[in-house]
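I wanted to look up the disulfides in this one. My notes follow the structure.

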Amino acid sequence: EVQLVESGGGLVQAGGSLRLSCASSAFTFDDYAAGWFRQAPGKERELVSCISSGDGSTYYADSVKGRFTISSDNAKNTKYLQMNSLKPEDTAVYYCAIDLGSWCHGRGSWGQGTQVTVSS
């Protein structure tokens, strides 16, 4: 029922930055975690970052710690992923997700994804 639309992806050189946005068509309840997943061709989907519905604490995959920042503007029903110091291995389709529960588990609502390509 809830529609999520990602935007902000594109082609960027290594070391560059992108900010992904995720717009929700409906109000997201406080008991839904908000996160970003990514999947590269031929690879498994992985959780990149998550905001807990419990206390607002954040999670980052080890591969992106110190480079990516997740944030949320609840008034606008919009979530963001600021990606700095991008590396070629960050190339993937990035998906916004909202998951019922304290943490992101990837079994809730998904957007269509936005392609991020980092050239070397």
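This is a predicted model: local features need pLDDT of at least 70, side-chain atom pairs count only at pLDDT 80 or more; totals for chains, interfaces and linings use all residues.

**Disulfide notes**

I started with C50 and C104, which form a disulfide with their sulfur atoms 2.0 Å apart. For the term I used a pair of cysteine sulfur atoms within 2.5 Å. Residues are numbered from 1 along each chain as its sequence is written, and side-chain values use heavy atoms, with hydrogens and water left out.

Next I checked where C50 and C104 sit. C50 is in strand β5 (residues 46-51) and C104 is in the loop between β9 and β10 (109-110), so the pair links distant parts of the chain, 54 residues apart. Strands here are DSSP runs of E, at least two residues, numbered from the N terminus.

Then I turned to C22 and C96, joined by a disulfide with an S to S distance of 2.0 Å. Their link is left-handed, at -80 degrees about the S-S bond. C22 lies in strand β3 (residues 18-24) and C96 in strand β9 (residues 92-100), so this pair ties together parts 74 residues apart in sequence. I found C22 buried at a relative accessible area of 0%, and C96 is buried at 0% as well.

Which pairing do the bonded cysteines give, numbered in sequence order? I noted 1-3, 2-4 for the protein. My count comes to two disulfides.

Definitions and conventions:
Helices (H or I, at least four residues) and strands (E, at least two) are DSSP runs, numbered from the N terminus. Buried means under 20% relative accessible area, exposed over 50%, partly exposed in between (1.4 Å probe, protein chains only).
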